[in-house]
Amino acid sequence: MKKIVQILIVILSISGTFSIAYGAEYADVKPTNWAHEAVSVMADKAIITGFPDGSFKPDRTVTYGEFIKMSLIASTGEDPGNAQSGNWATEYYNKSLELGYYTKADIAKDRLNDKITRGHMALIISSILGDVKIEDYAEIQKGITDITYKTAYEYDITKAYASGILTGYTDKTFKPDKTLSRAEATTVIYRLVDESKRVYPDAATKTDKSREENDAVKEKTIDEMITNLRSFATSSGRIDDDLAEAVTYEIDTDYEKYGMEVHENRGTKWVSVPDDVKNDLGRMYLIKDNKAIELMKTWDDTAGFYSDITVMDYIGSLTSDNHIVLIVNPFKK
């Protein structure tokens with residue numbers, strides 16, 4: 001019987017050309033190379049591919065098309081293949097767009113051959129991760145000093161960073177406009193598919209003592225927020241007496257039970273809740289940077305806020321027993 005030797009045939013390379021890789025080894029990625037494990041494992045899974053000459057070109061800057069292909073195959077296990085005409089990565093782009101990894105406004109199709117930024121990598125990674133609860137969000141964000149609420153994709157960057165997939169630099173920056181090499185991008189995808197390879201920021205890997213200290217800081221921050229809320233003034237400038245009398249509070253992450261809906265008007269996203277839910281919740285407020293920003297308005301059959309919901313930290317509810325419920329904003333970006 002003839003012995004059939006199976007070889008890994010990688011039909012579509014990241015660059016859009018035909019290539020064959022044997023045993024997921026590349027001539028320019030030796031076992032001594034820092035990225036050898038990530039490249040080898042991801043190649044074995046056909047998530048990344050090399051070039052016809054047997055090279056991987058680990059130092060070449062990764063493009064939008066290449067990273068979108070890597071992330072799509074890693075997250076779905078499916079390969080839609082190269083486009084028959086136009087840019088080779090069009091099918092990967094369209095499928096990722098359909099899955100909601102980004103919008104056309106985020107990443108235009110004509111950028112597929114451009115070098116992808118770390119900020120856009122974070123957007124894609126964050127979308128793939130989906131609804132992930134980030135413990136110690138404020139503390140973790142302090143570890144990346146060049147990211148503020150004004151930074152594009154600030155929430156996605158923080159989530160990808162907190163999840164140990166996209167790491168920061170030794171100077172405590174993230175550099176969202178910086179690019180990565182193909183080897184570095186492969187390592188990012190490796191961490192995405194294998195949680196044991198993730199590199200968590202210090203705030204997410206504290207000792208028990210550090211956690212206790214962090215919890216104390218977190219509790220103090222919430223207390224300061226409640227103090228600020230008590231001094232919230234209405235549009236007339238008068239202190240909100242009901243809010244000023246609040247004595248207890250809790251944090252709620254289950255926003256779905258409130259029936260909130262997001263609407264868009266001239267690029268600004270605002271949220272509404274059914275009137276019957278609003279009646280149960282009592283007075284409601286938008287909260288950002290530990291301060292109440294806006295009191296919810298009531299219409300005929302619903303209620304809502306006019307301010308941009310995507311930049312708020314909490315949606316606060318003041319119940320009839322002077323109790324504040326801080327609903328973690330699920331729409332924050």
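Me: Why does Arg-182 count as buried?

Reply: Happy to start there. This is a predicted model, and in it Arg-182 has a relative accessibility of 0%. Buried means under 20%, so Arg-182 qualifies as buried.

Me: What makes Glu-66 and Arg-182 a salt bridge?

Reply: The closest N and O atoms of Glu-66 and Arg-182 are 3.3 Å apart. The cut-off is within 4 Å, between a side-chain nitrogen of Lys or Arg and a carboxyl oxygen of Asp or Glu, so the pair passes. Glu-66 sits in helix 2 (residues 64–76) and Arg-182 in helix 7, so the pair ties together parts that are 116 residues apart in sequence. Glu-66 is buried too, because its relative accessible area is 2%.

Me: Which residues are linked with Glu-66 and Arg-182 in a network of salt bridges?

Reply: Arg-60 is linked with them in that network. A search of the whole structure finds nine salt bridges.

Me: Why is Asp-53 called exposed, and what is Lys-57 called?

Reply: Asp-53 has 54% relative accessibility. Exposed means over 50%, so Asp-53 counts as exposed. Lys-57 has a relative accessible area of 28%, which lies between the 20% and 50% limits, so Lys-57 is partly exposed. These two residues form a salt bridge, with their closest N and O atoms 3.7 Å apart; that value is within the 4 Å limit.

Me: How do you know that Lys-175 and Asp-171 meet in a salt bridge?

Reply: Their side chains come to 3.2 Å, N to O, and the limit is 4 Å, so the pair counts. Lys-175 is partly exposed because its relative accessible area is 28%. Asp-171, at 45% relative accessibility, counts as partly exposed.

Me: What makes Thr-187 a buried residue?

Reply: Its relative accessibility is 13%; the limit for buried is under 20%, so Thr-187 counts as buried. Thr-187 is found in helix 7 (residues 182–193). Leaving out residues up to four places away in sequence, Thr-187 touches Trp-34, Ala-35 and Ala-38.

Me: How do you know that the side chain of Thr-187 has a polar contact with Ala-183?

Reply: The Thr-187 side chain reaches the backbone oxygen of Ala-183 at 3.0 Å.

Me: What covers the buried residues of helix 1?

Reply: The cover includes helix 7. In helix 1 (residues 36–44), the buried residues are His-36, Ala-38, Val-39, Ser-40, Met-42 and Ala-43. Just after helix 1, Ala-46 takes a positive phi of about 60°.

Me: Why is Asn-113 called exposed?

Reply: Asn-113 has 53% relative accessibility, and exposed means over 50%, so Asn-113 counts as exposed. Its place is in the loop between helix 3 (90–98) and helix 4 (118–129). Beyond neighbours within four places in sequence, Asn-113 is in contact with Thr-63, Asn-87 and Trp-88.

Me: What makes the link from Asn-113 to Asn-87 a polar contact?

Reply: The two side chains make this contact at 3.2 Å, against a limit of 3.5 Å, so the distance passes. Along the chain Asn-113 is 47 residues from Glu-66, and their C-alpha atoms are separated by 8.4 Å.

Me: What makes strand 3 and strand 7 a pair?

Reply: Strand 3 (residues 268–274) and strand 7 (residues 302–304) pair in the antiparallel sense over three bridges. At least two bridges are required, so they count as paired.

Me: Why are strand 2 and strand 6 called edge strands?

Reply: The open sheet has four strands in the order 2-3-7-6, with antiparallel pairing. Strand 2 (261–265) and strand 6 (297–298) are its edges: each pairs on one side only.

Me: How confident is the predictor, going by the mean pLDDT of the protein chain?

Reply: The mean pLDDT is 80, and 82% of the residues reach 70 or more. Over residues 1–23 the pLDDT is below 50, although this stretch has 47 contacts in the model beyond near neighbours in sequence. Residues 204–211 are also below 50, with six such contacts.

Methods
Residues numbered from 1 in each chain as written. Heavy atoms only, no water. Helix = DSSP H or I, 4+ residues; strand = E, 2+ residues; numbered from the N terminus. Buried < 20%, exposed > 50% of the residue type's maximum accessible area, 1.4 Å probe, protein only. Polar contact = N/O pair within 3.5 Å; in protein donor to acceptor, adjacent residues only side chain to side chain. Contact = heavy atoms within 4.5 Å. pLDDT = per-residue confidence, 0-100.
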